[in-house]
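Hello,

Here is the structure I promised to pass on to you. Please open it alongside this message, and I will walk you through what turned up.

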Amino acid sequence: GIHLLKEVLKSDEKIVTVAITTQGLLNPEIKEILKQCNDLDVRIFEVSEPVGKQLFETDTPQGIGATIQKEKREVLPDSSGTFLILDHVQDPGNIGTLLRSAEAAGAIGVALTAGCADPWSGKVLRASMGSAFRMPLFTDFNIAKLKVMKNDGWKVYGTATEGSNDYRGIDFSKKRILILGSEGRGISDELIGLIDESVKISMCQPVESLNVAVAGSILLFEMRQ
């Protein structure tokens, strides 16, 4: 779509190919995108409307789409700030929303364990509103990498409902990692053992839990303070 392609052009990501429908060529915004892509020597293909509907995932496609080449990140961050880990979060909308909140709250990176939804799926990209192209993103994050970060002075926080402290009374001034677990099961057992302090968001009864994207967004902005 138009918005995401504009965001890609603002980022360091490499656009490999662009597909454009005959109808899309009439859109002034798309014409401007194509001009920028031509300047970057991107391969551009014109396709028919039926082919475009097969290529583009949305119900009402805007007539343009692209493939981009992602570079896999290996070097973990060493600067202070908030580093977010998503553990087996399976809803693409939640992942995209959390990427957007992480960028808005000034997080320095987001990691996903192997059980998470594909961070490059269309639903994640659209929910992130472009943040997926700008946030340092680490896929297939594992317990060994978390142990390396702990040994380097990072303090690990995780969300919980029992035996935890209200987030409003916690000092988040150190290098900090926030782990958010899956929508149904929470944080996996192997990561729970590495949490230094569990945090909770107090709620009015009878509500017992928040959507993971809502809870994560609240905590990300609190940690920014």
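Strands β4 (residues 82-86) and β5 (residues 109-113) pair in the parallel sense, with four bridges between them. Please keep in mind that this is a predicted model. If you want a spot to look at, find I85, whose bridge partner in β5 is A111. To get from β4 to β5 the chain passes through helix α4 (residues 92-104), and this β-α-β crossover is right-handed.

β4 has another partner too: it pairs with strand β9 (residues 176-180), again in the parallel sense, over five bridges. There, L84 stands opposite L178.

How much of β4 is covered? Five of its five residues are buried. In a regular strand, side chains alternate between the two faces of the sheet. In β4, T82, L84 and L86 point one way while F83 and I85 point the other way, and all are buried.

F83 leads us to the aromatic side chains. Searching the whole structure gives four aromatic pairs. In one of them, the ring centres of F83 and F141 are 6.0 Å apart and the planes meet at 50 degrees, so this pair counts as tilted. Because F83 belongs to strand β4 and F141 to strand β6 (residues 137-141), the pair ties together parts that lie 58 residues apart in sequence.

Another pair is Y157 with F172: their ring centres are 4.9 Å apart and their planes are at 70 degrees, so the pair is edge-to-face. Y157 sits in strand β7 (residues 155-159) and F172 in the loop between β8 (165-166) and β9, so parts 15 residues apart in sequence are tied together. Y157 counts as buried at 1% relative accessibility, and F172 is buried with a relative accessible area of 7%.

Returning to F83, you will also find this residue in a cluster, where ring pairs link F83, F138, F141 and W154.

M203, V207, L210 and V214 make a nonpolar surface patch of about 280 Å². One of these residues, M203, lies in the loop between β10 (197-200) and α9 (212-224). Is M203 buried or partly exposed? Its relative accessibility is 30%, so M203 counts as partly exposed.

Enjoy exploring, and do write back with any questions.

Best wishes

How values were computed. Residues numbered from 1 in each chain as written. Predicted model: local features only at pLDDT ≥ 70, side-chain atom pairs only at ≥ 80, totals over all residues. Heavy atoms only, no water. Buried < 20%, exposed > 50% of the residue type's maximum accessible area, 1.4 Å probe, protein only. Helix = DSSP H or I, 4+ residues; strand = E, 2+ residues; numbered from the N terminus. Pairing = 2+ DSSP bridges. Right-handed = clockwise from strand over helix to strand, strands pointing away. Patch = residues over 30% accessible without salt bridge, like charges linked within 9 Å, V, L, I, M, F, W, Y side chains within 5 Å. Areas by Shrake-Rupley, 256 points an atom, 1.4 Å probe, with all protein chains shown as cover. Salt bridge = Lys/Arg side-chain N within 4 Å of Asp/Glu carboxyl O. Phe/Tyr/Trp six-rings, centres within 6.5 Å; stacked < 30°, edge-to-face > 60°.
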